[in-house]
Amino acid sequence: MHTVAVYAFDGMAPFELGVVVEVFGLARPELAGLLSAPWYDLKVCADEPGRPLAAVGGFELVARHGLDELAAADTVIVVGVANAFGGTVSPELVAALRTAHERGARIVSICSGAFALAAAGLLDGREATTHWRYAELLKQRHPQVRVNPDVLYVDHGDLLTSAGSAAGIDLCLHLVRRDHGARVANTVARRFVVPPHREGGQAQFIEAAVAPVAEAADGVAQSMQWALDHLTAPLTVALLARAAHMSERSYLRHFTARNGTSPMRWVIAQRIAASLPLLEALDGTVEEIAAAVGFESAATYRHHFGRTMRTSPTTYRRTFAGAGGQRA
């Protein structure tokens, strides 16, 4: 069983920890028949197991496991640090992270947790991300880290970092996708009531986080559902705008404000997502799959697949097909 250890600390915000617990610690009856390997064994760890830890919001939690268990886990997740702007990272945590990495564990950070990985020297010479409001500080404090503030997460295989808060959901689902395949990740996302893959990056939120919902938002949502129902048909902005009962110019503005990407980039992302289970199931040739999800040619499909997934359809199939989601 693949062990996931998450680090808890005094003064932590509970959201990111809750994301990890929800993804890796929850019973998954909906996955019956879909898994070829057991679900994860989650351990919440702290510097001093058994000691109550104060959480933001006025309550306490107690971690049953210590840093020895964290250092011995298959995947280690740090969901934040106590004070990114002025605090120091626990030397014991730094030592545990180094030990885990040296023995081949997968090390993951969410939000300000990147500061702990950087303090351990694990991100030296690598690209990494964190919450956009911490990005400049991470650059200043750890100049040897190539900080990318524009993405939701960065995956180096053995080291993964994500942007703030909700981007942790994206990264955790990405880990499930790597470990168990797209069908399982999509099922978990459905129970989470979130998209299995979000297009775009955190840069879209920097200037105007939580943009006001336009009056036409319902029309945009209606057009998105219509597009999903007609994914294999030729889709254009004009058709989507018509489904939303809007002019093309107004539709483009409202769609981008709502989703942080253009309508056609969103359509491409949905088609790529729809193709993943087909690739894993050995369900037709790449050319047939491209046509089945609405791409006009296999060449176009390969181009967009490479830009989105950072690999080719053939390589993705070789990695995941028939494996039922074996560990990456």
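Contact here means heavy atoms within 4.5 Å. The structure is a predicted model.

Start with Asn-186, a residue of helix H7, which spans residues 182-192. Set aside its neighbours within four places in sequence, and Asn-186 is in contact with Pro-196 and Pro-277. Is Asn-186 buried or exposed? Its relative accessibility is 19%. Buried means under 20%, so Asn-186 counts as buried.

Now move to a pair of helices. Two packed helices are described by the angle between their axes and the distance between the axes. Helix H9 covers residues 237-244, and helix H10 covers residues 248-259. Their axes come within 9 Å and cross at roughly 85°. Angles of 65 to 115 degrees count as roughly perpendicular, and H9 and H10 are therefore roughly perpendicular to each other.

Which residues make this meeting? H9 supplies Val-237, Ala-238, Leu-240, Ala-241 and Ala-244. H10 answers with Glu-248, Tyr-251 and Leu-252. By class, the residues of the contact of H9 with H10 comprise seven nonpolar and one charged, with no polar.

Next, look at burial along H9. Its buried residues are Val-237, Leu-240, Ala-241, Ala-243 and Ala-244. Seen down the axis of H9, these buried residues fall within an arc of 160°, so they line one face of the helix. An α-helix has 3.6 residues a turn, so residues three or four places apart point the same way.

Finally, follow the chain out of the helix. Just after H9 comes His-245, with a positive phi of about 60°.

Key. Residues numbered from 1 in each chain as written. Predicted model: local features only at pLDDT ≥ 70, side-chain atom pairs only at ≥ 80, totals over all residues. Heavy atoms only, no water. Axes fitted to C-alpha atoms, helices over the stretch in contact; angles between N-to-C directions. Helix = DSSP H or I, 4+ residues; strand = E, 2+ residues; numbered from the N terminus. Parallel < 35°, antiparallel > 145°, perpendicular 65-115°, else oblique. Nonpolar A, V, L, I, M, F, W, Y, C, P; charged D, E, K, R; others polar. Buried < 20%, exposed > 50% of the residue type's maximum accessible area, 1.4 Å probe, protein only. Arc of directions from axis to C-beta.
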